[in-house]
Amino acid sequence: MTDKKVVLVTGASSGFGQLTAKKLAAVGYWVFGTSRKSYPASGDVEMLKLDVTSDSSVQLCIKQLLTRTNRIDLLINNAGQIHASMLEETSLQQAKEIFETNFWGVVRLTNAVLPVMRQQRSGHIINISSVAGLIGAPGQGFYSASKFALEGYSEALSVELDPFNIKVSLIEPGYFKTNFNHAMLPPTFNYADYDNVRDVIRSTVTQAIAQGDDPTKVAQTIVFAACSRSPRLRYRVGNEAQWLPRLKAILPDNLFRFGARKRLNLP
């Protein structure tokens, strides 16, 4: 046993999750990361196998964690799935798969740790959202919808957990230089009417990610929120996450839509 605070980071084999896990270990947390495949420990980060879309996998993972630690202080719901397809081209099954990871996966993990956090009368849940959870993203509509759902869920959860001294935070990044776009699910159907728009959006998003800011900034924000005595509900990271929601709030809808189409190089 140890007096270190215990943290579980989902989706910790790469990207934001991997960076965050390493930084939390560096500042003194007892860190467990997860991956859908068996993954060796990396430095001070112990890895557990987890499929967030599976009830049994979630229960087994949390059982393994608590057997080792007997407590959990911080849950970071980072695992995510993205797609590049127009809404009409995305089958209902594929849309459900996106929600199973991005939304219901968060719910599963949260429900699994809350009994322990309530008993402790302490804890912090950090959910990784996106600027796409604040502004609808053409060509990634179901990813965007899953993040909108996550925003509402987290906001309500933060109020419900206040009496138990359990905090909830959302991290809302814009475009950052990661390999997340390499795992984009392709369209289930391909309709010729969307060919040009779909290709332009995919190209623009890929370019924006390639030219994005240093993902370390997102990991640093997560660590800052985790170490804060009074964490905020929302943390926006990156230029797009800062100015796009502000523009949406003050501009007429038609003018904002014009700007958004221009940003995506759409006609």
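**Entry 1: terms and model**

I take buried to mean under 20% relative accessible area, exposed over 50%, and partly exposed in between, with a 1.4 Å probe and protein chains only. Helices (H or I, at least four residues) and strands (E, at least two) are DSSP runs, numbered from the N terminus. The model is predicted, so I note that local features need pLDDT of at least 70 and side-chain atom pairs count only at pLDDT 80 or more, while totals for chains, interfaces and linings use all residues. Residues are numbered from 1 along each chain as its sequence is written, and side-chain values use heavy atoms, with hydrogens and water left out.

**Entry 2: strand β4**

I looked up strand β4, residues 74–77. Leu74 and Ile76 point one way, Leu75 and Asn77 point the other way, and all are buried. In a regular strand the side chains alternate between the two faces of the sheet.

Next I checked the pairing, where two strands pair if DSSP finds at least two bridges between them. Strand β1 (residues 6–9) runs parallel to β4 and is joined to it by 3 bridges. Ile76 of β4 is the bridge partner of Val9. With strand β5 (residues 123–128), β4 pairs in the parallel sense over 4 bridges, and Leu74 stands opposite His124 there.

I also followed the chain from β4 through helix α3 (residues 92–120) to β5, which make a right-handed β-α-β unit. Right-handed here means that, with the strands pointing away from the viewer, the path from the first strand over the helix to the second runs clockwise.

**Entry 3: the sheet**

What is the order of the strands in the open sheet? I read it as β3-β2-β1-β4-β5-β6-β7, 7 strands with parallel pairing. β3 (45–49) and β7 (234–237) stand at the edges with a single partner strand each, so one side of each has no neighbour in the sheet. Neighbouring strands are turned by 20° against each other on average, direction ignored. For such angles, axes are lines fitted to C-alpha atoms, for helices over the stretch in contact, and angles run from 0 to 180 degrees between N-to-C directions.

β1 is also joined to strand β2 (residues 30–35), in parallel, by 4 bridges. The bridge partner of Val9 in β2 is Gly33.

Helix α1 (residues 15–26) lies across β1, β2, β3, β4 and β6 (166–173), and runs at about 170° to β1. Helix α4 (residues 141–160) touches β5, β6 and β7, and its direction makes about 155° with that of β6.

**Entry 4**

β7 runs parallel to β6 and is joined to it by 4 bridges. I found Val237 of β7 as the bridge partner of Pro173.

I checked Thr221 next, a residue of helix α6 (residues 216–227). Its relative accessibility is 17%, so Thr221 counts as buried. Leaving out residues up to four places away in sequence, Thr221 touches Ile171, Tyr235 and Val237.

**Entry 5: helix α2**

Helix α2 (residues 55–69) has 15 residues and reaches 21 Å from its first C-alpha to its last, close to the 21 Å expected at 1.5 Å a residue. The expected span is 1.5 Å times one less than the number of residues.

Which residues of α2 are buried? I list Ser57, Val58, Cys61, Ile62, Leu65 and Thr69. Seen down the axis of α2, these fall within an arc of 125°, so they line one face of the helix; the arc is that of the directions from the helix axis to the C-beta atoms. The buried residues of α2 pack against β1, β2, β3 and α3. On the other side, Asp55, Ser56, Gln59, Lys63 and Thr67 are exposed. Just after α2, Asn70 takes a positive phi of about 65°.

**Entry 6: two loop residues**

Ile135 lies in the loop between β5 and α4. I note 12% relative accessibility, so Ile135 counts as buried. Beyond four places in sequence, Ile135 touches Ser144, Phe148, Leu244, Pro245, Lys248 and Phe256.

Phe164 is in the loop between α4 and β6. Phe164 is partly exposed, with a relative accessible area of 24%. Apart from neighbours within four places in sequence, Phe164 is in contact with Arg118, Arg121 and Ser122. I also looked up Met117, which is 47 residues from Phe164 in sequence and 8.1 Å from it in space, C-alpha to C-alpha.

How values were computed:
Contact means heavy atoms within 4.5 Å.
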